[in-house]
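The structure is shown first.

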Amino acid sequence: MIKNKINLKTMNTFKIFSFLVLATISVTNAQDIESAKKSIDAEQYEKAKTILKSIIQAKPGNGKATFLLGNIYLKQNIEDSAKIYFQKGLAASEGAKLNYIGLGQIDLDNDNTSAAQANFALATKDIKKKDIEEYIYIAKAYMNANKPDYKAALVSLNKAKLVNSTDANLLMAFGDAYYGDKNQNESYTAYRSAFNTDNTLTRANMQLGVLLKGAKAYTEAVKSFDNVIATNPNYGPVYRELAETYYYWGNNEPKKYNEYIQKALGYYEKYLSMTDYSLTSRMRHADFLILAKDYKALEIEANKMKELDNVNPRILRYLGYSAYENGNIDVAIKSIQDFIANPTNKIIARDYLYLGLAKLKKANNLETKIVDQTIFDAGVADIKKSVEIEISMTNDLSEIGKKLYEQKLYREAAAIYEIAVTNPDSRNFLLDNFYLGNSIYFSNTKKDVVKVDPIALQKADAAFGRVIEASPTTQDAYIYRARTNRLLENDEMMAKYYEEYIRIVTEKGPEEVVKNKNKFIESYNLIAANYAYTDKVKAKEYFNKTLALDPTNQYATESLATLK
């Protein structure tokens with residue numbers, strides 16, 4: 001009897017002890033989850049991964065840990081690993097449903113919206129009335145997908161709002177969704193409310209500066225970021241935002257470009273030191289170095305990444321870009337081709353742009369002044385692909401076309417400018433059209449040209465027309481359009497544009513006329529020649545205008561003699 005009482009007491013003690021151990025483990029796991037979330041927010045992904053893997057090892061049934069870990073892998077573009085953890089998390093004893101959201105984002109990344117919605121429905125099936133976390137994470141999946149859908153994110157967040165409209169994390173997510181949907185006012189209100197609700201949400205405070213940066217209020221943005229640093233100097237992402245702000249500021253104030261770029265690079269180094277110098281952080285740094293055009297630093301960074309992970313395919317991108325900019329063309333072509341050939345890589349427009357530019361450079365032998373047309377045409381095809389993917393790539397083509405133009409490789413320059421002018425919103429649109437027209441004109445006036453290309457010349461005529469339409473006082477557009485129509489044997493239009501040239505220059509004053517004396521003589525003579533068979537009076541009038549500028553002009557003198 002006594003023995004049974006002792007056993008009973010021992011069993012009760014064991015149960016209480018087991019309960020306390022489980023409770024302690026549960027509290028510890030919850031604390032570790034919060035620690036991992038803070039590390040993710042601070043973009044210390046390797047640290048967060050270590051924490052989450054420890055939680056999963058101690059408690060394999062923690063579905064929230066697998067979900068968060070899978071999300072980190074998605075941020076790092078490692079979809080296979082993300083999927084493994086999400087699927088593992090589905091069998092967890094707690095938080096399993098969150099993993100449907102992770103699988104849903106993978107579906108979105110693969111353009112399978114219906115499958116994503118089915119997974120999101122499974123994640124929210126039978127959730128408790130007060131639960132909003134699932135709706136917030138679904139919204140984040142829509143926002144973090146390769147093709148973000150901010151309106152769908154807002155729909156999900158509004159469902160959570162019906163349950164708890166003052167939750168700080170919900171307000172933060174609203175700020176992100178409104179920001180992505182280009183609703184700056186609502187985004188500002190949401191971020192401010194999130195920070196006022198929970199002043200430990202440093203990112204909400206930082207995003208107020210991000211909104212100022214987006215509005216090009218760079219002075220105010222820097223002040224805002226400095227305020228964040230004053231309250232939390234160890235928050236890494238704010239230094240990245242400062243780096244990007246100074247980069248954009250430098251581009252908007254060319255006189256201060258070098259000064260601001262140096263500041264930007266310094267802040268990015270600070271950002272790296274505040275994160276974990278992981279491969280992911282280094283890749284983000286490499287992306288910034290591309291923007292800042294610091295290709296020597298990029299090559300150094302690429303080689304450091306290669307030491308960390310020799311098989312990561314994105315390193316080939318950075319090696320290719322830096323090799324091109326640093327003059328190692330064969331390495332550039334091979335690196336980028338190998339990167340593009342890997343079907344698991346997400347190819348961006350700039351990959352094809354760099355491949356195309358490398359081929360152009362390889363095709364153009366500066367010593368022999370001979371262009372390998374096959375390689376050159378392959379390069380042009382790659383550049384076209386880049387523009388098809390992202391039209392803003394046209395902004396990078398002006399400089400390339402100009403270099404070819406200055407080498408008097410007019411046909412090749414025209415091929416580049418023809419791609420550049422496909423974007424009417426390009427910052428160089430008018431200048432590119434002018435050089436397109438000129439490149440075609442000069443390529444048809446070379447000594448070795450047997451027969452002009454009328455189709456190309458019509459493109460030149462149209463290009464000059466676009467310049468004239470947008471900038472009616474650009475005088476050289478008129479004279480080159482006149483010359484182009486002369487090659488097309490369209491004498492009526494030739495005379496029209498010469499007359500327009502004379503009018504535009506004359507309106508600018510006598511000094512401008514004197515400066516362009518030879519072009520006036522050309523214009524008068526060719527207008528006169530056009531009238532020689534239809535209106536001899538006008539023809540004589542224009543030949544006499546030539547002689548007023550140049551009394552010894554042989555063509556005008558001889559032509560007048562034949563008109564008498």
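The sections below state the basis of the values and then take up these topics in turn.

## Basis of the values

The model is predicted; local features need pLDDT of at least 70, side-chain atom pairs count only at pLDDT 80 or more, and totals for chains, interfaces and linings use all residues. Residues are numbered from 1 along each chain as its sequence is written, and side-chain values use heavy atoms, with hydrogens and water left out.

Helices (H or I, at least four residues) and strands (E, at least two) are DSSP runs, numbered from the N terminus.

## The second largest pocket

The second largest pocket has a volume of about 350 Å³. A pocket here is an open set of points on a 1 Å grid over the protein atoms alone, where a 1.4 Å probe fits, with protein on both sides within 12 Å along at least five of seven lines. Its volume is the space filled by probe spheres set on the points, which are joined across faces, edges and corners. Lining residues have an atom within 4 Å of a point. There are 15 of them, and Arg411, Ala414, Ala415, Glu418 and Lys459 are the closest to the centre of the pocket.

Two or more lining residues come from each of helix H20 (373-389), helix H22 (410-420), helix H23 (429-443) and helix H24 (454-470). H22 gives the largest share, five residues. By class, the lining has seven nonpolar, two polar and six charged residues; Ala, Val, Leu, Ile, Met, Phe, Trp, Tyr, Cys and Pro count as nonpolar, Asp, Glu, Lys and Arg as charged, and the others, Gly among them, as polar.

## Helix H21

In helix H21 (residues 397-406), Leu397, Ser398, Ile400, Gly401, Leu404 and Tyr405 are buried. Buried means under 20% relative accessible area, exposed over 50%, and partly exposed in between (1.4 Å probe, protein chains only). An α-helix has 3.6 residues a turn, so residues three or four places apart point the same way.

Glu399 and Glu406 are exposed on the face of H21 turned away from its buried side. The cover over the buried residues includes helix H17 (314-325), helix H19 (349-363), strand E1 (364-365), H20, H22 and H23, where contact means heavy atoms within 4.5 Å. Just after H21, lysine 408 takes a positive phi of about 65°.

Serine 224, in helix H12 (residues 218-231), is buried at a relative accessible area of 13%. A polar atom of its side chain lies 3.4 Å from the backbone nitrogen of glycine 209. A polar contact is a pair of N or O atoms within 3.5 Å; within protein, one must be able to donate a hydrogen and the other to accept it, and residues adjacent in sequence count only if both atoms are side-chain atoms.

Asparagine 485 belongs to helix H25 (residues 475-487) and has a relative accessible area of 3%. Its side chain makes a polar contact with the side chain of aspartate 461 (2.9 Å) and reaches the backbone oxygen of arginine 481 at 2.9 Å. Threonine 546, in helix H29 (residues 536-549), is buried with a relative accessible area of 0%. The side chain of threonine 546 makes a polar contact with that of asparagine 525 (2.9 Å).
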